[in-house]
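Open the viewer and get ready to click. This tour moves from stop to stop, and each one tells you what to select.

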Amino acid sequence: MKTTGNTVLVAGGTSGIGLELARRFHAAGNKVIVAGRRRRLLDEIAAEHDGIEGEVLDITDDASIRRLFETVTTQHPELNVLIAMAGVMVPERVLDPGSLEVSERTVGTNLLGPIRLVHAFAPFLVEQPNAAILTVTSGLAYVPLPTTPTYSATKAAIHSYTESLREQLRETSVQVIELAPPLTRTTLMGSGTDNERAMPLDEFASETMSLLESQPDAPQILVERVKRQRFAEATGTYDEVFAMQAGR
Ligand SMILES: NC(=O)c1ccc[n+]([C@@H]2O[C@H](COP(=O)([O-])OP(=O)(O)OC[C@H]3O[C@@H](n4cnc5c(N)ncnc54)[C@H](OP(=O)(O)O)[C@@H]3O)[C@@H](O)[C@H]2O)c1
């Protein structure tokens with residue numbers, strides 16, 4: 001994809017990776033709209049950045065997605081890039097009855113949410129020149145984290161969905177790109193942003209933007225840190241990486 005001159009919608013851009021990439025795209029000369037549930041953050045982000053707008057979105061609610069589509073495409077008929085960033089990550093224990101609600105919410109947000117977004121925006125995007133849809137998976141799509149089984153499963157599913165989506169849109173103007181971040185310092189899963197094992201957000205965003213620029217046709221954006229998980233199966237290290245993630 002080209003990294004300048006786009007109008008980019010970051011669905012899930014109020015914090016973390018989505019917000020940092022929104023800032024980077026904005027700084028690189030793109031119009032940016034961020035969407036999420038937290039109205040206060042949306043207002044703050046828009047007030048701090050001339051050229052970034054905020055729109056409310058609950059990705060688990062199809063009516064909210066439809067409203068977002070109408071608003072954004074009316075106000076920005078040149079919209080050409082959709083980043084399906086929204087996600088939640090919550091630990092689950094299958095023997096705890098309360099965990100079923102977590103699983104269902106995780107599927108609704110991380111899997112059904114991006115699928116609904118794609119259905120809402122793809123027919124519009126195929127009419128735009130130089131369009132792109134970016135999905136967001138994880139290193140955990142390739143080797144699961146046993147404490148978050150549904151989270152890991154939704155990311156594996158989004159990887160699979162992205163492969164088929166790319167094929168279905170092959171003859172259109174829409175490029176389909178998978179971002180697969182490694183463990184990155186954000187507040188996802190309620191953690192602090194000081195986890196030493198996680199990649200600093202700033203470094204992740206810089207490497208990602210530079211890969212998008214240097215590999216404009218890449219189907220997947222893989223920073224160095226995620227390659228151990230991404231290629232674990234191919235390099236015969238799956239069992240070792242899985243055992244490590246299981247804390248064994
Ligand atoms: N951090 C990591 O280690 C890591 C690694 C691999 C992949 N990822 C993926 O990267 C993406 C961003 O995560 P992050 O680490 O940046 O965490 P984050 O700071 O918690 O960001 C999550 C974003 O998703 C939005 N979101 C969550 N539920 C939503 C809903 N129902 N409707 C609309 N937006 C919703 C949040 O906005 P609101 O709360 O305002 O709605 C927020 O903007 C996720 O898909 C995550 O799975 C993260």
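We begin at the ligand and then move on to the helices.

**Before you start.** This model is predicted: local features need pLDDT of at least 70, side-chain atom pairs count only at pLDDT 80 or more, and totals for chains, interfaces and linings use all residues. Residues are numbered from 1 along each chain as its sequence is written, and side-chain values use heavy atoms, with hydrogens and water left out.

**Stop 1: the backbone.** Select isoleucine 59. One of its backbone N or O atoms lies 2.8 Å from a nitrogen atom of the ligand. Next, select leucine 57. There, a backbone N or O atom is 3.5 Å from a ligand nitrogen atom. Then go to glycine 16, where a backbone N or O atom sits 3.4 Å from an oxygen atom of the ligand.

Now show the surface. The protein covers 95% of the 870 Å² of accessible area that the ligand has on its own (Shrake-Rupley method, 1.4 Å probe). Helices are DSSP runs (H or I, at least four residues), numbered from the N terminus.

**Stop 2: helix pairs.** Select helix 4 (residues 99–125) with helix 5. They pack at about 15 degrees, with their axes 9 Å apart. Axes are lines fitted to C-alpha atoms over the stretch in contact, and angles run from 0 to 180 degrees between N-to-C directions. So helix 4 is roughly parallel to helix 5 (an angle under 35 degrees).

Helix 3 and helix 4 pack at about 30 degrees, with axes 10 Å apart. This pair is also roughly parallel.

Note on methods. Polar contact = N/O pair within 3.5 Å; in protein donor to acceptor, adjacent residues only side chain to side chain. Helix = DSSP H or I, 4+ residues; strand = E, 2+ residues; numbered from the N terminus. Parallel < 35°, antiparallel > 145°, perpendicular 65-115°, else oblique.
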